[in-house]
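The exercises below ask for a careful reading of one structure, and each is followed by a solution in steps. Please try every task on the coordinates before turning to its solution.

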Amino acid sequence: MTPEMEKIHGLFLAEAEEQLATLEQGLLALERTSGSPPLASLQCTLHTFKGGAGAVGLTAAVELAHLLEDLLTLLEARAVVLHAGLGSLMLQAVDVLREQVGLEPASESAQRLPALEVRRLLESTLKASQPVQARVTAPERPASPAEPTAHREHTLRVGLGRLDRMLDLTGEIAIARGRLAEMLTQAHRYTPQQLMEAHRDGDRLYLDLQELVMKVRMVPIGRTFQPFVRTVRDLGLAMGKQVRCELSGEDVEVDTTIAELIRDPLTHLVRNAMDHGLETPEVRQARGKAPTGTLSLRAFHDAGTLVIQVVDDGTGLDRERITARARTRGLLGPEETPDEGALLRLILAPGFSTAERITELSGRGVGMDVVKRNVESLRGTVSVDSLPGQGTTFSLRLPLTLSIIEGFNVAVGGETYVIPLQNVLECVELPAAESRPGSTGVFHLRGSPLPFLRLREHFALGGSTPARENLVIISHERGLAGLAVDTLLGQGQTVIKPLGRFCQGLPGLSGSTLLGDGRVALILDVPALLQQALQAASPAALA
Amino acid sequence: MSEENSAATQYLSFILAGEEYALGILRVKEIIEYDTVTRVPGAPAWVRGVFNLRGSVVPVVDLTVKLGLPPIQLTRRSCIVVVEVRQGNEDIVLGLLADAIGQVIELGPEDVAPPPAFGTQVHVEYLLGMGRVGTARKFILLLDIDKVLSGQEVLSATALRAPPGEDTERTTGKVA
């Protein structure tokens, strides 16, 4: 085994351990709950595991996982009933998977069945239940499946040099603090300027430390990209496709959480591209393209965000099939003809698949849902571009760091709100002549109409509108819009704090932050806020 | 909860709408003075807002709304009882708004009577029992805080929303 492969294998093992544990918990929960079982998350986990196992060449595990996946599909379609025997068979299968990837099985050795036996049993179970038709109606999926997250400590390797520097800084800060405290006890002997100077000395050190801590969390994205080179090669061989994998921007540094959570979405995107996107050499030549296809993974910075792209030069998305599929699934009305962007976004819907057959690789419609969910949990967005016959580009746009953003503070009444600066274009004063009461309005911005939302009314904050209002102009998908607020407070670094249970996931809010005076300020989720306004207003209001 | 079953258990009592309620003291992390609470638009009506507890953002629950009691009036004695509750399979920290803090009481199993079938101000489901303290004639209602927070509100959320003006003042104004 080459050192490189060893690294990949190590990564896979760590993940597989977590995934199989999740799977096991999920299966056990499945047995406990009656009614609609939480199958979607199980399928996601299994699917991701399968991808990983395939990448390190564990064919037996892939095949077994595939059988399990089939079984889960049957369970979901209610073609088979989960009884204790089946439950333990599936759990035994998980143990066999553990053995096959080189992990310690969880059960007693006496209760274990040999791998071949488990496989045979699974196959006969599958055969016994009649093949089900592809689902026509959309299965009810929980809007936000509460996935049982395995409690496993996340670790990160840090260069000793960086840690030493941090330690040095902590020492220096301690000295600076002591000096300042001493000066303050005898404050009458110093001028305010001198005290301020001493404070600044300490502050500078503190900022250095903050920067260093943030840097420690950053890892090059190349480490995440690397395993896919092998995936592409192996999949290409298995499917008789000639594909070259190109990487660019491997040294772009990303937050370690992003690097970790982006791996699953990338797995699904790469496998999708291999399966549906890229064609076989014969087809490519017939279409006048080079026989070898290209799949690129790219990372780059753009306008304060990190962009990760998965690009293939394959067949492109079939618009007609997407439309047809969306109609049968009821995502589109029979007469509706969505625009380009909206049409392509449809493929991100859970359970959506245009594949005619379910292959080992894809076609269940689980993958794109994982992509969307993972990316959104990182406060990112997914977009799709596709040219028929020329290929598809998936772009994941992610924040650079997860914990600090540039924010723009505004005040409404006694409350302070933070708007992410990346959304803010400019600020103008709302002339009294143009302001009418109401939660929305239109403002004339240099000759063009600009719809705006009055935050005070929208959040039902009460109080009276001040004589002078300000308008923060923000850009969003559909163009420009304004947010009317009382006062503009200016920009600054904003440390994001989660809102915690009960307040999490509220529309229009993405988190909270602490202000200098210790109060909590809410961070606005501008796209969601405008979406709300859009839904509340007549559809033409924001056209 | 096991802590309520041991020989003698300590409880912390607090006042809500004139009635004395108590929680197992092991649940209570600290008691702090009521300070600025930031309202969270769109949150359930019984979440009064969030506040800064030494760097983490913690929600404040208005139990009067959750239990269907008369609304709380902020006074100088209003305080926030920071508790740890179990929701699903995670422990979360949150603040409970109280009119005032009562006392720390010790109750043995013989001092706790099962809740009566009806007649209490709070739904029986939310009570662990009724505590008898010394010679006092009043019972202290022992709250099952996990159940209270996971249960449905007694009244619909919108029905209890105060008029906007008053609401803002109540939640953001510092108590003199």
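**Exercise 1. A salt bridge of A:E429**

With which residue does A:E429 form a salt bridge, and how far apart are the closest N and O atoms?

*Solution.* This is a predicted model, in which local features need pLDDT of at least 70 and side-chain atom pairs count only at pLDDT 80 or more, while totals for chains, interfaces and linings use all residues. Residues are numbered from 1 along each chain as its sequence is written, chains are lettered from A and ligands numbered from 1 in the order in which they are written, and side-chain values use heavy atoms, with hydrogens and water left out.

Step 1. Apply the criterion for a salt bridge, which is a side-chain nitrogen of Lys or Arg within 4 Å of a carboxyl oxygen of Asp or Glu. The partner of A:E429 is A:R468, with the closest N and O atoms 3.4 Å apart.

Step 2. A:E429 belongs to strand β10 (residues 424-430) of chain A, whereas A:R468 sits in the loop between α15 (455-458) and β13 (469-476) of chain A, so the pair ties together parts that are 39 residues apart in sequence.

Step 3. Classify the accessibility, where buried means under 20% relative accessible area, exposed over 50%, and partly exposed in between (1.4 Å probe, protein chains only). A:E429 is partly exposed at 42%, and A:R468 is exposed at 54%.

**Exercise 2. Further salt bridges**

Where do A:K215 and A:E211 lie, and how many residues apart are they?

*Solution.* Step 1. Both residues are in helix α7 (residues 192-216) of chain A, four residues apart, which is about one turn of the helix.

Step 1. Turn to A:E246 and A:R244, whose side chains form a salt bridge at 3.5 Å from N to O. A:E246 is partly exposed at 36%, and A:R244 is likewise partly exposed, at 42%.

Step 2. Take the total, which by this rule is 23 salt bridges over all chains.

**Exercise 3. A residue in helix α3**

Is A:E69 buried or exposed?

*Solution.* Step 1. A:E69 is located in helix α3 (residues 59-76) of chain A, and with a relative accessibility of 0% this residue counts as buried.

Step 1. Look for polar contacts, that is, pairs of N or O atoms within 3.5 Å; within protein, one atom must be able to donate a hydrogen and the other to accept it, and residues adjacent in sequence count only if both atoms are side-chain atoms. The side chain of A:E69 makes such a contact with the side chain of A:H47 at 3.0 Å, and another of 3.0 Å with the side chain of A:K50.

**Exercise 4. Positive phi angles**

What is the phi of A:R446, and in which loop does this residue lie?

*Solution.* Step 1. A:R446 is not a glycine, yet has a positive phi of about 45°, and its place is the loop between β11 (440-445) and β12 (448-454) of chain A. A:R446 is exposed, at 67% relative accessibility.

Step 1. A:A460, also not a glycine, has a positive phi of about 50° and lies in the loop between α15 and β13 of chain A. A:A460 counts as partly exposed, at 40%.

**Exercise 5. The interface of chains A and B**

How many residues of chain A are in contact with chain B?

*Solution.* Step 1. With contact meaning heavy atoms within 4.5 Å, 20 residues of chain A touch 25 residues of chain B.

Step 1. The buried area (the accessible area, 1.4 Å probe, that two parts lose on being put together, summed over both) is about 2,000 Å², and carbon and sulfur atoms give 66% of it.

Step 2. Between the two chains there are zero salt bridges, while four residue pairs are in polar contact, with both residues at pLDDT 80 or more.

Step 3. On the side of chain A that touches chain B, β9 (415-420), β16 (509-514) and β17 (520-524) are the elements that give two or more residues, and β16(A) supplies the largest share, three residues.
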